[in-house]
Every structure is written in structure tokens, then in C-alpha cells.
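User: I want to learn how to read pockets and cavities in a model. Can you take me through it?

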Amino acid sequence: MAMDPFSQLILTISVTSFLTFQWLFHKVSPWMSMRISPGFLGLSDKQKVEWNSRTVSTFHALLVGIFCLYILLFDDAVNEDPVWGDPTLVKTNVAITTGYLISDLLLIFYYWKAIGDKFFVVHHLAALYAYYYVLGQGMLPYFANFRLLAEFSTPCVNQRWFFEVLGYPKSSRPNMANGVAMAVVFFMVRIAVMPLYYGRMYAVYGTEAFYLVPWGGRVAWICSSICLDIMNIMWMHKIARGCYKVLRSAHRSKASTPQENGKTD
């Protein structure tokens, strides 16, 4: 059976995305990082693997996050019919992410000792399972796109690791500013949006459009959403605790400085 031209285009975008992210990891990130951050050369081989992985991850997050926001604000077809609206733009964005996720999974398995993480494997597979229905059958475009909003928190998460590996103290101003930004953005795009997301899901539950979605699609949609959000809540808890600890210790050190000065005078 011949593929329709649009499906061929989506497959081409996914494959191009996969190859591009591999190229960014192996060639562009090491070349760019050496020039931007002299500290990169002093890292161990394992750290360099993770550095390149996170550089690529940041680039992907900004690319699809901006595209996702555009769709959410301006794609009327998807916003009016969240289950079966015209998925052209969403499919394009999801195809880019699919290429990235497969590329990242390959790197995770290949460099398991450096960046292996069971959580990320589960996360990537859950997302790919759900995206199969979006790309293959064009269903649930609004919900697939909405999930990509979460990518906006990724650059801050990666930046925290960059600061840590370069030896910035946790109480340094750049680190603290990034930590607060990370907690705020993570909460906004992954936690605060949950009522809106599940409210929209509840609104279409039981409708004719909902029953046209096959069982596998419903499982992919509902179960992967719940699975990803449980992980988001766990991550948010860790981030909030870390942020609170750093801010508290910074406040304590500030408060103790005048007293110490008073003793020496």
C-alpha cells in the first residue's frame, strides 16, 4: 500500500530529525562547547557524553517548545477539536520530537555507563507509544501538543547540571537564579497546567469523538499522561526541596555575615 505524500513527509521529518540530533551530539556540541566554555576540556569522558547529551536536549526543548506554544495560541483547528482537529502542524512538531527521542534512546543505551537512566527510558517509551497514534492516525493533536509544553523546563534543568559540573558553588548568584527559574518554569509548564489538561480531557470523555478513538489510543493517551505526570510530580518535589535548601542556606550565610563582622570589630 502506497504512503500518502503527507505521511512520507512526516517520516522524512522524523528521520531528518534523528540524523540532525545525532550530528548535533557527535559534532556540533563538542565543537561549540570547547569554544564557549573552556571548562569543557577539563571534563571526564563520561561528563563530556552527558554534556553533549544535555546540549542537544536544550536545543530540542527550545525548538519544539516554541513551535508548541505557537500551535497552542494560533492553531484554531486543533484548539476547537482537540481529538480530531487538523493535525498538520502538530504532526510536524511531534515528528521532530520522535526523531529526537529515538536518537536519545540510542545514545542512552550506547553510553549507558555515562547517561543510563531507567526513568528516562520509561519516559521516552511512554511518549513514543502515545506519539505513534498521533503520527499514524492523526488523533488527539491538542493533547499531544500540550504535553510538549513541558519541554520549556528542560533548559533550566540542564543548566543546573552545567553549573554543577563546571564547579559553580550552589550559593553562587547564577546558580541560584537558574534554580529559582527552574522551579518556577517547571511548576508552570508541568504542574500548574494539569487542571487545564485534565479538564479538557474530561470535557471530551464519553463524547462521540472520544469513542472514535480506538482502545489502544485511549490507553496511550490516558495512561501515558498519568504515568508522565506522576514522574513530573516526583521531579517537582525534588526540585522544590533542592531550591528551598539552597535559598535557606544562602539566607543563613547572609544573616550570619554581619554578626561575624561585629565580632571581629
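Analyst: Start with the residue classes. Ala, Val, Leu, Ile, Met, Phe, Trp, Tyr, Cys and Pro count as nonpolar, Asp, Glu, Lys and Arg as charged, and the others, Gly among them, as polar. By that scheme the lining of the second largest pocket has seven nonpolar, five polar and no charged residues. This is a predicted model: local features need pLDDT of at least 70, side-chain atom pairs count only at pLDDT 80 or more, and totals for chains, interfaces and linings use all residues. Numbering runs from 1 along each chain as its sequence is written, and side-chain values use heavy atoms, without hydrogens and water.

User: What is a pocket, and which residues line the second largest pocket?

Analyst: Work on a 1 Å grid over the protein atoms alone. A pocket is an open set of points with protein on both sides within 12 Å along at least five of seven lines; a cavity is a set where a 1.4 Å probe fits but cannot get out. Lining residues have an atom within 4 Å of a point. Here the pocket lining is M32, S33, I36, S37, W51, T55, T58, P155, Q159, F162, F163 and L166.

User: How much space lies in the second largest pocket?

Analyst: Grid points are joined across faces, edges and corners, and a volume is the space filled by probe spheres set on the points. For this pocket that gives about 260 Å³.

User: Which helix gives the most to that pocket lining?

Analyst: Helices are DSSP runs (H or I, at least four residues), numbered from the N terminus; strands are E runs of at least two. α8 leads, with four residues. α1 (5-36), α2 (45-74) and α8 (154-165) each supply at least two.

User: How many cavities of 30 Å³ or more are there?

Analyst: Two. α7 (141-147), α9 (173-191), α10 (194-204) and α12 (215-264) each supply at least two of the lining residues.

User: What lines the second largest cavity?

Analyst: The lining is F21, F25, S53, V56, Y100, S103, D104 and L107. α1, α2 and α4 (88-110) each give two or more residues, and α4 gives the most, with four. The space is about 40 Å³. By class, five are nonpolar, two polar and one charged.

User: Which residues does UniProt list for "domain: TLC"?

Analyst: UniProt positions use the numbering here, feature names are shortened, and annotations may be inferred rather than shown by experiment. The unreviewed entry lists residues 46-248. That span is 83% helix and 0% strand, with its end C-alpha atoms 32 Å apart.
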